Each structure stands twice: as structure tokens, then as C-alpha cells.
Amino acid sequence: MSGERQGSAFVRAGRNAAHGHAEGPDPRIEPSFAEASTVRHSRPRWREFAIEVLYRAGAVRLMERMARSLELKSTRGGKWQQIRRVSAPRFGILCYHRVGTGGVPLYSQLPAKTFEAQIRYLRENYRIISLDQLIAEMTNPVSLAPTVAVTFDDGYRGLFTEAYPILQAYGIPATIFLTIQSIETGQVAWYDRIFLALKVAIGTELVLDLEGPRRFSLVSPSLRMQSAVEIISSLRLLSPSRRRECCADLESKVHLPQVELQDRMLTWDQIRAMHLGGVSFGAHTMSHPVASRLSEDELTWEILESKRILELRLNSPVRHFAFPFGKREECGNAAAILAKGGFHSASTTEWGLNSQGTDPFRLRRVQIGEMGTQAMFAFQLSQLFLRDGADESEEESNSSHKRKRASFRHVARSDGGRRDA
Ligand SMILES: [Zn+2]
């Protein structure tokens, strides 16, 4: 097998093993590795095929139209679901990582043409607003139409070269969350280096000391990707200092080709150009740690220093934050730090929609952009808006939330679920 073909197989394996990429068992398991921790099982191809058939037959379009004004609601304690009219605003936040293909990041591949098709679909079928507007509308709602915001995490170079022209062409008020040390140094984050190490490591097995010796298989591209996912999942549980030691140990055993690591992140000039062009930027910590593994001092520094540097470089206030990795148990207790630091929101990777009762420092996001076909993207999005009402948490079903819903009735009457173009 040639090096190039082997590389392609690695990317495919990474997409399947780490992203789910149209084969994950459940879209609620985040599809992108950077915010995921487990290797996913394969979704039967028949499901992808069935959704393609539904899409071509117009059924997905019908779901999408139904979701404009209707939602499914579980009867409490029962397994039946009621169809009811939408009575409160619902906000979806899309989470992307990279737009583009080839090279680092190895876990994330999204051809620009596929991204453009998704953005065109959003523009034609959903109301699209900025995160600033989303936060404002969570307090003062103006529409019942299914509404989305578009976000990107980390700050890969392709966001300027591939995504930005598309965002401009369709007038998308996107937000990019930057890992500041990666932008300052031009170096990719620690997990990207591990993926690369496992791709280029020589031999059939790698032995690492991860709180005890562990053996990782290198015999195929998919097993190499699986090994990388397992190593990163283990390192996410360690303190930052111990994690750095383990990364140094790995890189003493595997030589990383520097050419693969160059020019992968945005530069400040590119960021400033996009900022002038209407893209918003948010903080994503300094070093992309797991927030819940940090001391309070470390967490405070990661959040506030990333905000300080970003504001300095942009000469503009920064109001939004995204948790690295972002699963509920990985976010830690950051609300007081975020509020004191002047943030208006913090995004996680917990699956779901946001509504008036959602904690603005625990916003939910969905990662469906890399799940495969246009049919799958449209299906997942319409299913999200149609079904999410059935998944309201207890906190959002409390009386306070019901009062807020009642106060929204005037909007419901005037809007009637109409979608803003
Ligand atoms: Zn990230």
C-alpha cells in the first residue's frame, strides 16, 4: 500500500472511528473527535440509505416544514408522544471544526463543497442569527421560527481559506472559538500531535506509560486511529502537567514530521481580516485542557487569559466562550469565573436545542456537519427541531420556564411559526 493510499485510509478510519461520520449509532454522541472520547460503533449502512430515500422522496422536507410550527412532546412518565404547536423559541447551535480536507487535523474532514451545500440549505430553510443575537433573544424573544447559529472551534487555517468565502457569500454571522496558544505559536493542539504520531509511527505496536504500561496496535489505519482515540481519552483524565509528560514521552518515541504541523492554524492577520468581515471570535481557553481537571486558579487563567489576549489582538470585546471537548462532566464549575470575566455565554457539546430556560453558560450545540450526505444533514437538523421538545430537562420544565413560555404567547400569535428568510 502506498503512503498516500495508506494516508487516505487513515483519514477514512478517523472519520468513522472518531467522528461517527454517518455511521455513529446515535447523533447525540458527538461526531467530532476533539469533543469526543469514545470510539463509535458502526451505524448500519441501511439507515444512511433509508434517509437518502426519504430525502429524495420529499419526506425530510416535510419533516423540516412540520418542525417550523410543531414539535413532539413526551407525555410525562409515558412512552407516547404528543404533537403540539411550538409555543416558545428554539435555538440550535451548529458546531464545526475544520472546513477542508487533507493533513492535520486528521480527525476532521469536510470538503468545502459539502459545507457550502449545508450553508445554502440553512440559508434557504432556517433563520440564522449571531451568538450575540441568540443570547439577546433568549431573554427577549422575537420569533418562533427554527433558528440556528453557526460556530467553529479551535481555529484551523481552512476557516479562512475555505469557509470564510462561503460565510461571506451567504451572509452567515458565524463565531469562531480560538485556542489562543495554538494561534499565538502557530502550533496545533496536543491531541492533533497524537493523531499525527499514531499515523506516522513505525512498526506494528506502540507501548506507552499511561499510569501503567499500555500497548497500542498500529497494524491498520483504523487501529492506529482507534489507538490515538484511546490515548487521547486517557490523557484527558490527567492533570495538564502529567499530560504534558506523557505527550513528551510519546514524541520521544515517534518523530513528528514538522512539515505536517506547519500552517495548520489561523494567523492573527487572517483572524483580523475575518473580524472586519463580520465574523465574531470567542475564547476557547489557552491550551485546550479539560476544564474539570483544572484547579480553580488554572481554570481562571485558561479562561480569562484567553479572553485578554483575544481582546488585545482584536481590539474588541470578547463575550463568548466554548468549553474544550465540552461534555457535561468535562466543563467543571466555570459559571462564576465566566460571569465575573464579562462573558455572556459558554457553549458545550451537549446535544440539543436551547430555549429561554437554558443556562447561557451551558449552551447546547450539535455537530452534524460531518455526518455524511446532505440528506443526513437535513434529516438530523429537522429531527432536532421536531423532537427536541421531547427532551426538555427537568430544569427547563419547572414553573419558571412555564411562566416564561406564557409571557411569549404574544410572539406566538404574531409570528405563527413563520420562518424568517
Ligand atoms: Zn476545541
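A residue is called buried here if 20 or more other C-beta atoms lie within 10 Å of its own, and exposed if 12 or fewer do. With that in hand, welcome to this predicted model. The protein chain has 16 helices and 11 strands, and 45% of its 421 residues count as buried. Looking at contacts between residues at least 6 apart in sequence, 71% join residues at least 24 apart.

- The buried residues of helix 4 are Phe115, Gln118, Ile119, Leu122 and Asn125.
- Seen down the axis of helix 4, these buried residues fall within an arc of 150°, so they line one face of the helix.
- What do the buried residues of helix 4 pack against? Their partners are helix 3 (59–66), strand 4 (127–128), strand 5, helix 6 (158–169) and helix 14 (374–387).

**The largest nonpolar core**

- Here is a general idea to keep in mind: in soluble globular proteins, nonpolar side chains tend to be buried together.
- In this model, the largest nonpolar core has 93 residues, and those with the most contacts inside it are Leu159, Ile194 and Ala346.
- Helix 14 gives the most to this core, with eight residues.
- To see part of the packing, pick out Ile194: not counting residues up to four places away in sequence, Ile194 touches Ala228, Ile231, Ile232 and Leu250.

**Val254 and its contacts**

- Val254 lies in the loop between helix 10 (240–253) and helix 11 (268–276).
- Is Val254 buried or partly exposed? Val254 has 18 C-beta neighbours inside 10 Å, and a residue needs 20 or more to be buried, so Val254 counts as partly exposed.
- Leaving aside neighbours within four places in sequence, Val254 is in contact with Ala197, Val200 and Ala201.
- Val254 and Ile202 are 52 residues apart in sequence, yet their C-alpha atoms are 7.8 Å apart in space.

**Backbone details to look for**

- Most residues other than glycine have a negative phi, and most peptide bonds are trans.
- Which residues does a cis peptide bond join? The cis bond is between Val104 and Pro105, with omega of about 5°.
- Pro105 sits in the loop between strand 3 (91–96) and helix 4 (112–125).
- Asp154 is not a glycine, yet its phi is positive, at about 95°.
- You will find Asp154 in strand 5 (residues 147–154), and Asp154 is buried, because 30 other C-beta atoms lie within 10 Å.
- Thr285 is not a glycine either, and its phi is also positive, at about 75°.
- Look for Thr285 in the loop between strand 9 (280–283) and helix 12 (296–314).
- With 26 other C-beta atoms within 10 Å, Thr285 is buried.

Notes: Residues are numbered from 1 along each chain as its sequence is written. This is a predicted model: local features need pLDDT of at least 70, side-chain atom pairs count only at pLDDT 80 or more; totals for chains, interfaces and linings use all residues. Helices (H or I, at least four residues) and strands (E, at least two) are DSSP runs, numbered from the N terminus. Two residues are in contact if their C-beta atoms, placed from the backbone, lie within 7 Å. The arc is that of the directions from the helix axis to the C-beta atoms. A nonpolar core is a set of buried Ala, Val, Leu, Ile, Met, Phe, Trp, Tyr and Cys residues joined through C-beta atoms within 7 Å.
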